[in-house]
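Please look at the sequence and the model before reading on.

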Amino acid sequence: MASTADIKNGVVLSIDGQLWSVIEFQHVKPGKGGAFVRTKLKNVVSGKTVDRTYNAGTKVDIQNVDRRDFTYLYTDGDSFVFMDVEDYDQLSVSAATVGDAKNFLLENQQVQIALHDGNPLYIELPASVVLEITYTEPGLQGDRSSAGTKPATVETGYEIQVPLFLETGTKVKVDTRTGDYLGRVND
């Protein structure tokens with residue numbers, strides 16, 4: 001068991017049988033009364049975020065979470081198959097664990113997977129990925145009724161909003177956290 005002094009960003013705590021990742025923490029020492037630690041925690045399975053306060057010196061259960069680099073290989077039914085870049089072992093991850101990351105996964109893409117006792121908890125993608133537009137309506141010059149954007153489908157099947165001037169076959173940079181268009185990529 002560790003104490004609240006060991007809490008840092010990225011540490012995973014076990015609370016009531018569930019794993020929570022520390023997003024933010026702040027040690028507070030008011031002029032009157034005892035010191036305490038204010039934390040913002042994110043459930044590693046559901047993604048739910050909660051605020052929690054601990055008195056200074058309280059014992060907390062810190063879990064060992066291993067973050068390792070993997071390469072995405074292919075989809076097999078309802079699971080995604082990844083290869084460990086160090087020992088070339090293959091790991092099958094359920095679609096529920098992959099979550100929205102599936103919208104940005106391309107074959108041979110590098111990702112980080114957080115493992116706890118050999119079980120995958122979640123997947124961390126790079127901040128942005130380059131995807132090719134597979135279908136979009138042609139944009140009309142001077143059409144500003146839709147604030148200058150139109151829907152476009154990228155090679156993973158995900159639909160994003162792009163500027164009117166982009167055409168099918170254009171490569172674009174997409175933010176993996178929000179799904180927003182970040183810019184055109186020139187080869």
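Does Asn108 count as buried or exposed? Asn108 counts as exposed, because its relative accessibility is 57%, where exposed means over 50%. The model discussed here is predicted.

**The chain as a whole**

- The protein chain has a radius of gyration of 21 Å, whereas a compact globule of 187 residues would have one near 16 Å.
- The C-alpha trace spans about 65 × 45 × 25 Å along the principal axes of the protein chain.
- Of the 187 residues in the protein chain, 36% are buried.
- When contacts between residues at least 6 apart in sequence are considered, 42% of them join residues at least 24 apart.

- An open sheet is built from 5 strands in the order 5-4-3-2-7, and its pairing is antiparallel.
- Strand 5 (49–55) and strand 7 (62–63) stand at the edges of this sheet, and each has a single partner strand, so one side of each is left without a neighbour in the sheet.
- Strand 4, which covers residues 36–43, pairs with strand 5 in the antiparallel sense over 7 bridges.
- Within this pairing, Arg38 has Thr53 in strand 5 as its bridge partner.

- Val130 has Lys173 in strand 16 as its bridge partner.
- Strand 13 is also joined to strand 14 (residues 149–154) by 3 bridges, again in an antiparallel arrangement.
- Tyr135 stands opposite Thr153 in strand 14.
- Strand 16 (residues 171–175) and strand 17 (residues 181–185) run antiparallel and are joined by 4 bridges.
- The bridge partner of Val174 is Tyr181 in strand 17.
- Strand 16 and strand 17 form a hairpin with 5 residues between them. In the turn of this hairpin, Gly179 has a positive phi of about 80 degrees.

**The largest pocket**

- Empty space is found by rolling a probe the size of a water molecule over the atoms.
- The largest pocket contains about 790 Å³ of space.
- Its lining consists of 29 residues, and those nearest the centre of the pocket are Lys42, Val98, Tyr122, Ile123 and Glu124.
- Two or more lining residues are given by each of strand 3 (18–28), strand 4, helix 1 (95–98) and strand 12 (119–124).
- Strand 12 provides the largest share of the lining, with 5 residues.
- By residue type, the lining of the largest pocket divides into 15 nonpolar, 10 polar and 4 charged residues.

**Residues in loops**

- Asn108 lies in the loop between helix 1 and strand 11. Although Asn108 is not a glycine, it has a positive phi of about 70 degrees.
- Asn103 lies in the loop between helix 1 and strand 11 (110–116). Asn103 is buried, because its relative accessible area is 15%, where buried means under 20%.
- Leaving aside residues up to four places away in sequence, Asn103 touches Leu131, Thr156 and Tyr158.
- Tyr88 is placed in the loop between strand 9 (79–84) and strand 10 (90–94). Tyr88 counts as exposed, because its relative accessibility is 56%.
- The phi of Tyr88 is near 65 degrees, a positive value in a residue other than glycine.

**A residue in strand 9**

- Val81 has its place in strand 9. With a relative accessible area of 5%, Val81 is buried.
- Val81 touches several residues, among them Thr71, Tyr72, Leu73 and Gln90, when residues up to four places away in sequence are not counted.
- How far apart are Val81 and Pro30 in sequence and in space? They are 51 residues apart in sequence, and their C-alpha atoms are 50 Å apart in space.

Conventions
Residues numbered from 1 in each chain as written. Predicted model: local features only at pLDDT ≥ 70, side-chain atom pairs only at ≥ 80, totals over all residues. Heavy atoms only, no water. Pairing = 2+ DSSP bridges. 1 Å grid on protein atoms, 1.4 Å probe; cavity = no way out; pocket = protein on both sides within 12 Å on 5 of 7 lines; lining within 4 Å. Points joined across faces, edges and corners; volume = space filled by probe spheres on them. Nonpolar A, V, L, I, M, F, W, Y, C, P; charged D, E, K, R; others polar. Rg over C-alpha atoms; globule rule 2.2 N^0.38 Å. Buried < 20%, exposed > 50% of the residue type's maximum accessible area, 1.4 Å probe, protein only. Contact = heavy atoms within 4.5 Å.
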